[in-house]
Amino acid sequence: MLIKEKLTVRQFAVLTFLCLIGDMMLIYPTLITYSGRQDAWICTIVSQFIGMAILWIFYKLNQTYPGLTLIEICSKILGKWVGGILAASYLFYFLIGSVICIREVGDFMTTQIYLHTPIRAIILLFVIALGWSALKGLGTFGRSAEILAPFVILSLSIFILCLLPQMEISNIQPFFDTPLFSFISASIRGATTPYGELIIITMIYPYVNHGIHKTRDMFLAGLLGGVILIFILLTSLLVLGAELTQHNIYVTYILAQKIDIGGFLQRIEALSAIAWLVSTYFKTSLYTFGFILGLAQLFRLKSYQPLILPTTLLLFGMAIVLSPDVLFYTLGIMYPWFYWDITVSIVIPLCLLLVYHIKGRFKQPNNANAVSQK
C-alpha cells in the first residue's frame, strides 16, 4: 500500500463533514434558490434523503473491494484498459474539483476582502498550503481537521444565532408556490452538489481504521453537514428573501455583514470567512490528495510523494486560466457542474455496482461446475 498510516473513525467522520459543507457554506443558498425560490428550504430538506442515498451508493461501492480505493476498484471491476480509462476520468474530475475550489478562494478574497491584492498571490499561498498538507500525510491532515472542526461549528452557530432578530417568516411565503419541475430540480441539485462531491471519500475509505461505528459515523457526519446547510439556507431566505439570495454570489458573507446587536456586536463577517476558508481548505486538500494518490495507483508507482510538486504547480496554473473573472465562473461553470456531479456520483457508481453483481452471477455457476466436476 502507498499509505501506511491510518485515519481514526472520528477523523474520517470529521473530514466527511468538512468536505460536505466545504465551499457550500458560501454558495449553497444561491444554487438552490435559483430553482426553488422561496420554497428552497423545503427542497433542501427533501435533498437530505437523496443525499443519504448517494452516500449509501458510495458505501456499497467501497464494500465491493474494501481494501481498494475508487481508482483501483474501477480497474478491478472493468479490467485494465476500460477501468484505466474510467479511473483517468475520475482523476480529471478530482483535479478540476480542486482547481475550482482554489479559484473560488481566490475570487472571494480578491473581491470581498483583499481588494487590491493580485489573485495570483492568494492562489499561490493556498496552493502552497495544499502541497504542504499532502507532504505531511493523511494522519497529520486528519488530526488538523479534528482541531479546526469545532471552530467551524462554533462560528456557524454564532452566525445563525446573531441573525435571529432579523428573520421574517413573510420572506418564505407563500409555501409550495414553486412549479413542480423547479421544485424537483432544486431538490436534486441540493443533494447532488454537496453529497455527490463526497465521491472523494472513496479514495480514503480503505485507509480508515476498522471500527464498529465506522459506517454509522460516516452517515451521521453527512447528516450533520446537511442539517447545517439547511439552517444556512433557511437563514438566508428568512433574512434576505428569495430574490436577494438568488442574485448574490456570496450570500453567507453578506448575511454576516448585516449582524448588528446593540451597536456592539458587529463586523464578524471575518469570522464567517475564516470558517468558510477552513472547510474549503480541507475539501480542496482531499481532492488534491485523491488526485495525487490515484495517479500514483493508476501508474503503479511506489510512492506518491514525487507527484506533489508537479501537482501543486499544475493546480496553480490551472486555477489562473480556469476563468477570466468571477462572473464567468458563476454563469459558465457553477450551474453546469451539477450534471458532471450526477454523472460521477450516481450514474457511474451505479453502473460499476451493476457490472460487479453481473460478474458475480456469472462466476457462481462456473464455481459450481468446477466443484461438481471434482
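Select helix α5, residues 80-113. Most of α5 is covered: 24 of its 34 residues are buried. Buried means under 20% relative accessible area, exposed over 50%, and partly exposed in between, with a 1.4 Å probe and protein chains only. Helices are DSSP runs of H or I of at least four residues, numbered from the N terminus.

This is a predicted model, in which local features need pLDDT of at least 70, side-chain atom pairs count only at pLDDT 80 or more, and totals for chains, interfaces and linings use all residues. Residues are numbered from 1 along each chain as its sequence is written, and side-chain values use heavy atoms, with hydrogens and water left out.

Now check the length of α5. The expected span is 1.5 Å times one less than the number of residues.

**The cores**

Stay on α5 and pick Y90 and F94. These two have the most contacts inside the largest nonpolar core, which has 114 residues. The largest share of this core, 14 residues, comes from α5. A nonpolar core is a set of buried Ala, Val, Leu, Ile, Met, Phe, Trp, Tyr and Cys residues joined through side-chain atoms within 4.5 Å.

Show the surroundings of Y90. Beyond its neighbours within four places in sequence, Y90 is in contact (heavy atoms within 4.5 Å) with L70, I71, C74, I199, V344, I348 and P349. Another core, of eleven residues, lies apart from the largest one; F159, V239, L240 and A256 are among its members.

**The cavities**

Rolling a probe the size of a water molecule over the atoms shows where empty space is left. Here a 1 Å grid is laid over the protein atoms alone; a cavity is a set of points where a 1.4 Å probe fits but cannot get out, a pocket is an open set with protein on both sides within 12 Å along at least five of seven lines, and lining residues have an atom within 4 Å of a point. Grid points are joined across faces, edges and corners, and a volume is the space filled by probe spheres set on the points.

There are three cavities of 30 Å³ or more. Two or more lining residues come from each of α2 (24-36), α5, α12 (269-298) and α14 (326-334). Helix α5 gives the most, with five.

By class, this lining has eleven nonpolar, two polar and four charged residues. Ala, Val, Leu, Ile, Met, Phe, Trp, Tyr, Cys and Pro count as nonpolar, Asp, Glu, Lys and Arg as charged, and the others, Gly among them, as polar.

**The largest pocket**

Next, select I71, S75, Q297, L298 and R300. They lie nearest the centre of the largest pocket, which is lined by 14 residues. Its space is about 330 Å³. Helices α4 (70-78), α5 and α12 each give two or more residues to the lining. The classes here are seven nonpolar, three polar and four charged.

**Helix α1**

Go to α1, residues 9-21. Its first and last C-alpha atoms are 19 Å apart, close to the expected 18 Å. Twelve of its 13 residues are buried. Those buried residues pack against α2, α7 (138-162), α8 (180-196), α9 (214-240) and α12. Just after α1, G22 takes a positive phi of about 25°.

**Last stop: C351**

Find C351 in helix α15, residues 337-373. Is C351 buried, partly exposed or exposed? Its relative accessibility is 43%, so C351 counts as partly exposed. Draw a line from C351 to D217: 26 Å, C-alpha to C-alpha, across 134 residues of sequence.
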